[in-house]
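Thanks for coming, everyone. Let me put the sequence and the model on the screen, and then we'll walk through it.

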Amino acid sequence: NKRVKIKELLTWEPAQQEVTVMGWVRTFRNNQFIALNDGSTNTNLQVVVELGKYEDDFLKRITTSSSLKVTGTVIASQGKGQKLEIKAATLEILGDSDPEKYPLQPKKHSLEFLREKAHLRFRTNTFGSVFRVRHSLAFAIHKFFHEKGFLYMHTPIITASDAEGAGEMFRVTTLPFDNPPRNEDGSINFKEDFFGRTTNLTVSGQLEGELAATAFGEIYTFGPTFRAENSNTTRHLAEFWMIEPEMAFCDLEDNMNLAEEFIKYIIRFAMEHNREDLEFLAARLAEEEKQLPADKRSDMGLIEKLEFVLNNNFERITYTEAIDILLQSPAYKKKKFQYEVKWGVDMQSEHERYLVEKHFKKPVIVTNYPKEFKAFYMRMNEDGKTVAAMDILAPGIGEIVGGSQREERMEVLEARMKEMNIPAEELWWYLDTRRFGTVPHAGFGLGFERMVLFVTGMSNIRDVIAFPRAPKTAEF
Ligand code: ATP
Ligand code: MG
Ligand code: MG
Ligand code: MG
């Protein structure tokens, strides 16, 4: 007997084939109809149990979330909305699930409730769809870069570099907390550490990625990134995944073109491979939005939104233009923004969302930011005030991508590091790329969870990663 996953089985013609399916019970009606789910799709398989064949004690054990092995024949279904069902020949209970103790009901639970039951929430339709879409996006990312001839590099997780200079690092040390070795002045002597110096969990693989790109031409990383974010927002995690391509012989324009093509490619892949899940999530979102006041609802459904993104160019504006738009906006005049709008100050999510949701009504790429709040490695523009940076902003989220053309001119880079008090000795290995055969190059970082948020229409980043690490969420 062939074991078949439910998703595949549902595409078959019912022709009395014998099959084996395994899964978890969602519901059991009238001692006769089992709705079985195996995680391959949200559509449950109906398993029909022959009346009178089993003892009551056995039937009582078929409860929500108990696990079953079923062998039977595939027959046409009498029920509406399903083509086929299984007539059970043998039923084996692999694991019981005490209904008094099992915390999830077949009914719909709130996302807040499910966040508290994060260890079991994979067993719900919403999380089934979210994680199948997440899987497809991850797969499409590798497919895209592979087809373009990029090399997949693994940059270190434990590193001494702080690419962003934002100081949001988790320290890694082997020194004992209770009695660390000390220098004469009483400070902790990190030279005694396993690595002989202070290290941290990576905040970005970019600097190491540049080393590889300046040899292989085009590379990407796709790995976990850690930031000790103090803010408790729906867009920040302490552990998230980032995709960082880095391209030699590439300028800001090429960089933006690649990022836009890339985003569209992975969305299209999910649309083609996860239609059922996206339709489920779209319906879920529409239901949720019904609870909102009319002016807070989006004017497009999830599927329409994704199609719109695929069929339209992203708007491209400079930071200076963005600030002008914000300063002239009704929202600014009516003092609707919580944070300051001023040339030279970074935009906040509320400003970014205004630009995409209210003003342009499409994704926006903002370029040429003031150097003051951007990283040291971004290429200085002619004006000496702005750098060749680009952020991509998405509706419902704000920033999803941060990228730039990198400063390839040694003198300019060194001057910039000096200005920002970054010691050149610490980055000697990085500066060697400029010292030996420097080339124009560029790259970007896409926050994977923000992309998953965008495609699934979910609104809290904790709901698109399996094990969210955010303040007070790391129970296991
Ligand atoms: P933000 O302004 O939203 O804090 P950032 O500018 O600090 O983001 P970058 O350093 O540019 O972020 O990182 C590149 C990308 O990584 C961002 O565009 C975003 O998609 C994602 N990202 C950054 N921080 C987080 C986080 N704490 N959790 C999830 N994704 C993040
Ligand atoms: Mg940040
Ligand atoms: Mg930012
Ligand atoms: Mg950024």
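Quick question to start: in β4, which residue is the bridge partner of A35? It is Q46.

Before going on, some ground rules. This is a predicted model, so to speak: local features need pLDDT of at least 70, side-chain atom pairs count only at pLDDT 80 or more, and totals for chains, interfaces and linings use all residues. Residues are numbered from 1 along each chain as its sequence is written, and chains are lettered from A and ligands numbered from 1 in the order in which they are written.

The overview. The protein has 14 helices and 17 strands. Helices (H or I, at least four residues) and strands (E, at least two) are DSSP runs, numbered from the N terminus. The C-alpha trace spans about 85 × 60 × 45 Å along its principal axes.

Back to β4, residues 45-48. Strand β3, residues 33-37, runs antiparallel to β4, with four bridges joining them. Strands count as paired if DSSP finds at least two bridges between them. β4 also joins β6, residues 84-95, by two bridges, and that pair is parallel. There, V48 has K87 as its bridge partner.

Now the open sheet. It has eight strands, in the order β7-β11-β12-β17-β16-β15-β14-β13, with mixed pairing. At the edges sit β7 (151-152) and β13 (315-318), each pairing on one side only. Helix α9, residues 319-327, packs on this sheet and touches β13, β14 (364-370) and β15 (386-394). Touching means contact: C-beta atoms, placed from the backbone, within 7 Å. The direction of α9 makes about 105° with that of β14. Those axes are lines fitted to C-alpha atoms, for helices over the stretch in contact, and angles run from 0 to 180 degrees between N-to-C directions.

Inside the sheet, β12 (239-248) and β17 (441-447) run antiparallel, joined by five bridges. M247 stands opposite A442 in β17.

Last stop, ligand 1. How many residues surround it? The count is 16, and the closest are H236, F240, G402, G445 and G447. A residue is near if its C-beta atom, placed from the backbone, lies within 6 Å. β12, β16 (398-405), β17 and α14 (448-456) each give two or more residues to this shell. The largest share, four residues, comes from β16.

Key
Buried ≥ 20, exposed ≤ 12 C-beta atoms within 10 Å, placed from the backbone. Contact = placed C-beta atoms within 7 Å.
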